[in-house]
Amino acid sequence: MAEDAAGGADPAMMEKLMAALGNGGGGDGGAGGMDMASLQAMLGGGGMGGGGPEADMRRQAQANQQAAAAKNAGEAEGGANGKTWRWEQTSKYGESEIIVRFPLAAPAVKKDVKVVFKARHLKVSVAGEDLIDGKTFGTVAIDDSTWCLVENRTELQLLLALAEDVKWDSLLAD
């Protein structure tokens with residue numbers, strides 16, 4: 001309840017409350033009480049599903065869930081100049097990473113692979129053949145990124161740790 005500077009109840013608020021209680025809130029001269037719409041209006045619209053801090057927190061939580069779902073949307077295909085790759089962004093606990101998978105025509109060994117991670121650029125070559133060379137959509141945390149050969153050395157996988165937990169629309173910038 002609102003209080004005035006002297007520590008008592010605010011007379012204007014009390015008058016509104018008493019008037020609302022006395023006429024049923026809707027002016028129909030009923031047996032007293034107040035309808036929900038009148039109560040919500042008096043409280044500043046903060047009822048069930050109205051405004052207020054709870055509603056703000058609920059809306060923020062829904063927005064966070066939608067953003068997380070977008071960042072975990074699944075694998076997408078990419079490629080250029082006859083080279084193909086698949087990439088997938090995942091986000092958990094406020095950190096995002098991207099896995100990039102390159103199918104290899106022949107098994108490779110570690111010395112065949114050259115990967116250059118830069119904050120906004122990625123270059124990958126295997127046995128002297130460039131698989132990707134371009135500006136990334138966002139910023140990569142270089143020290144936390146790595147690569148490995150899997151599937152009997154016929155697939156190269158890169159783990160790109162992202163500097164920011166934001167949704168990438170594509171692996172490479174346009």
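How many aromatic pairs does a search of the whole structure find? The search finds two, where rings of Phe, Tyr and Trp (for Trp, the six-membered ring) pair if their centres lie within 6.5 Å. Before I describe one of them, a word on the source. This is a predicted model, in which local features need pLDDT of at least 70 and side-chain atom pairs count only at pLDDT 80 or more, while totals for chains, interfaces and linings use all residues. Residues are numbered from 1 along each chain as its sequence is written, and side-chain values use heavy atoms, with hydrogens and water left out.

A pair of aromatic rings is described by the distance of the centres and the angle of the planes. For Phe137 and Trp168 these values are 6.2 Å and 50 degrees, and the pair is tilted; planes under 30 degrees apart would count as stacked and over 60 as edge-to-face, with the rest tilted. Phe137 belongs to the loop between S6 and strand S7 (146-150), whereas Trp168 belongs to the segment after S8, so that the pair links distant parts of the chain, 31 residues apart. Trp168 is buried, at a relative accessible area of 1%, while Phe137 is partly exposed, at 30%. Here buried means under 20% relative accessible area, exposed over 50%, and partly exposed in between, with a 1.4 Å probe and protein chains only.

Let us now consider the fold. Of the 174 residues, 22% count as buried.

Which residues touch the most other members of the largest nonpolar core? In this core of 23 residues they are Val100, Phe102, Val124, Leu158, Leu160 and Leu171. Such a core is a set of buried Ala, Val, Leu, Ile, Met, Phe, Trp, Tyr and Cys residues joined through side-chain atoms within 4.5 Å. Strands that each supply at least two of its residues include S2 (83-92), S3 (95-103) and S8 (155-161). Leaving aside neighbours within four places in sequence, Leu171 is in contact (heavy atoms within 4.5 Å) with residues including Trp85, Trp87, Val100, Phe137 and Leu160.

S2 and S3 run antiparallel and are joined by seven bridges; two strands pair if DSSP finds at least two bridges between them. Lys92 stands opposite Glu95 in S3. The hairpin of S2 and S3 has two residues between the strands, and Tyr93 takes a positive phi near 55 degrees there.

Finally, the structure holds two salt bridges, each a side-chain nitrogen of Lys or Arg within 4 Å of a carboxyl oxygen of Asp or Glu. In one, the closest N and O atoms of Arg59 and Asp56 are 2.6 Å apart. Both residues lie in helix H3 (residues 52-71), three residues apart, about one turn of the helix. Arg59 is partly exposed at 44%, and Asp56 is likewise partly exposed at 44%.

The other salt bridge brings together the side chains of Glu155 and Arg101, at 3.2 Å from N to O. Because Glu155 lies in strand S8 and Arg101 in strand S3, this pair ties together parts that are 54 residues apart in sequence. Glu155 is buried, at 12%, whereas Arg101 is partly exposed, at 24%.

Notes:
Helix = DSSP H or I, 4+ residues; strand = E, 2+ residues; numbered from the N terminus.
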